[in-house]
Amino acid sequence: MPGIAANATEAILQDWTVEESTAFSARDSIATVETEKALVDIEADADGMVLKRLVPPGSKVDVGAPIAVLGDPGELVGDLEALLTELGVDSADPAAPVAETAARLDPEGGTANTGAGALPEPALAEQVTTPNGEHRARIFASPLARRLAREAGLATETIHGTGPGGRILRRDVEAALAQRMGARFDEPLRAPAEQPSTWPAAAAAGSFTKIPHSRMRRAIATRLTESKQSTPHFYVRATIDVRRLVKLRAELNDGADVKVSLNDLVVTAVGRAHALVPEMNVTWSPDAVRQYVAVDVSVAVATERGLLTPVVRGVESMTVTEVSRATRELAERARNGRLRQEELEGGTISVTNLGMFGTEEFAAIINPPQAAILAVGAVREEPVARQGKLRVRPVMRVTLSVDHRPVDGVVAARWMEALVGLLERPLRILA
């Protein structure tokens, strides 16, 4: 299983697109893989043939685990079972690689053995010699299990492995953690909200429904928690008179084939504002602040599975109609679950709009590694003072959440000033 998305430790092999004993060409899709947020085609690096598929559709596979045996075009294997044994794959259960194969694919792995139906034993290991002459054991564990154990402060040497060849899997880490917490091995770990509490008995007895976390919900929770904890947010707010913007939208849509929304105009204005204040078109990295030439803007799309943020590339050079067409096409594929992984990566700023639900104002969490996110509220008629007189005008409130590491407050203020100027004098957006 190749590494499809950044920091991904596992993925679901959704479907095979090439049958066994079937040839394929370079760049052909061999299989479709589902990550937390997208479907990704695994493309062939060279011409070849699928000799054996090791994983059935719908299987969850660790990154780095074998999923198929490939050969040269027209290659014939007399004894496929012998080949699988040589490669270290258990032919009785081809979806589960044995320890030798895991060791080849996981540099931190080792060798182990197990008996079918045997009680779990501590994961076996091989002795290796470090550069300074010390002897230590290398333990078999999947990448996900290693990460979970590390985060929980558990030593892999103390965990019973129940996977092929005694390999430590996710369930083994959860069982070890449950034992450490005093829970039974066969009980699932309980979230803090489910721990014994002082709630009245009536409230604790059947007054809620448990909805299992989807892969996307877990991914959203992880990324946004990390962002809020590790990214120093600050906020810049503005109230914008959008009378001319609303009028311009009506004129653009009069008889037009492609209808433009207010959000399309806002996204276009964000691209123009980034071009006017290029210090905002940045991201933070440990070694440097990266400033980009093109302005790539993520647009939040609500789907049944969760929130997705596909990226519109090169917004600074696009017309409003082109932005509208691109966002609609991305939104449609997002709702159908057909976005490609690369369409969810990159960008320096996101735009999220809850105005259609009547939300007046809100602040959003930055989508890492981007530097900012613009939260757009509803257009509402409010009294506005102009030249000493009070008038009723349609206004829109926006909140810019900014990463203070690459962007200073004065830069964000200049950017907001540019955005307000564009939206209050929207003919400049079309220039």
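## Strand S19, covered on both sides

Both faces of strand S19 are covered in this predicted model. On one side sit Ile349, Val351 and Asn353. On the other sit Ser350 and Thr352. Each of these residues is buried. That makes five of the five residues of S19 buried, so the strand is largely enclosed by the rest of the structure. In a regular strand, side chains alternate between the two faces of the sheet.

S19 spans residues 349-353. What joins it to strand S15? Three bridges do, and the two strands run parallel. Ser298 stands opposite Ser350 of S19. Strand S20 is also parallel to S19, and here the bridges number five. In that pairing, Ile349 stands opposite Ala372 of S20.

## The sheet around it

S19 belongs to an open sheet of six strands. Their order is S12-S21-S20-S19-S15-S18. The pairing is mixed. In general, strands of a sheet pair through backbone hydrogen bonds, either parallel or antiparallel.

Which strands form the edges? They are S12 (233-241) and S18 (311-312), and each pairs on one side only. S12 pairs with S21, which covers residues 389-403. That pairing is antiparallel and runs over nine bridges. One point to find on the model is Tyr235, whose bridge partner in S21 is Ser401.

## Helices on the sheet

Helix H10 (residues 409-424) packs on the sheet. H10 touches S12, S19, S20 and S21. Its direction makes about 20 degrees with that of S12.

Helix H8 also lies across strands of the sheet: S15 (297-299), S19 (349-353), S20 (372-386) and S21. H8 runs at about 155 degrees to S19.

## How H8 meets H10

Two packed helices are described by the angle between their axes and the distance between the axes. For H8 and H10, the angle is about 135 degrees and the axes are 9 Å apart. The two helices are therefore oblique to each other. Their crossing is right-handed.

Which residues make the contact? From H8 come Leu265, Val266, Ala269, Val270, Arg272, Ala273, His274 and Leu276. From H10 come Trp415, Ala418, Leu419, Leu422 and Leu423. By class, this contact has eleven nonpolar residues, one polar and one charged.

## How H8 meets H9

H8 (residues 262-276) also packs with helix H9 (residues 320-335). Here the angle is about 115 degrees, with the axes 9 Å apart. H8 and H9 are therefore roughly perpendicular to each other. H8 passes H9 in a right-handed crossing.

On the H8 side, the contact uses Asp264, Leu265, Val267 and Thr268. On the H9 side, it uses Val320, Val323, Ser324, Thr327 and Arg328. The classes in this contact are four nonpolar, three polar and two charged residues. Leu265 is listed in the contact with H9 and in the contact with H10.

## Leu400, a buried residue in S21

Is Leu400 buried or exposed? Leu400, found in strand S21, is buried, with a relative accessible area of 0%. Leaving out residues up to four places away in sequence, Leu400 touches Phe234, Tyr235, Val236, Met280, Ile349, Ala372, Ile373, Leu374, Ala412, Trp415 and Met416.

Among these, Ile373 is 27 residues from Leu400 in sequence. In space, the two are 5.8 Å apart, C-alpha to C-alpha.

## Two loops

The loop between S19 and S20 holds Pro368 and Pro369. A cis peptide bond joins the two prolines, with omega about 5 degrees. Beyond its neighbours within four places in sequence, Pro368 is in contact with Arg223 and Ser227. Pro368 and Asp403 are 35 residues apart in sequence. Their C-alpha atoms are 9.4 Å apart in space.

The loop between S20 and S21 holds Gln387. Its phi is near 55 degrees, a positive value in a residue other than glycine. Is Gln387 buried or exposed? At 80% relative accessibility, Gln387 counts as exposed.

Note on methods
Residues are numbered from 1 along each chain as its sequence is written. This is a predicted model: local features need pLDDT of at least 70, side-chain atom pairs count only at pLDDT 80 or more; totals for chains, interfaces and linings use all residues. Side-chain values use heavy atoms; hydrogens and water are left out. Axes are lines fitted to C-alpha atoms, for helices over the stretch in contact, and angles run from 0 to 180 degrees between N-to-C directions. Helices (H or I, at least four residues) and strands (E, at least two) are DSSP runs, numbered from the N terminus. Angles under 35 degrees count as roughly parallel, over 145 as roughly antiparallel, 65 to 115 as roughly perpendicular and the rest as oblique. A crossing is left-handed if the near helix is turned anticlockwise from the far one by less than a right angle, and right-handed if clockwise. Contact means heavy atoms within 4.5 Å. Ala, Val, Leu, Ile, Met, Phe, Trp, Tyr, Cys and Pro count as nonpolar, Asp, Glu, Lys and Arg as charged, and the others, Gly among them, as polar. Two strands pair if DSSP finds at least two bridges between them. Buried means under 20% relative accessible area, exposed over 50%, partly exposed in between (1.4 Å probe, protein chains only).
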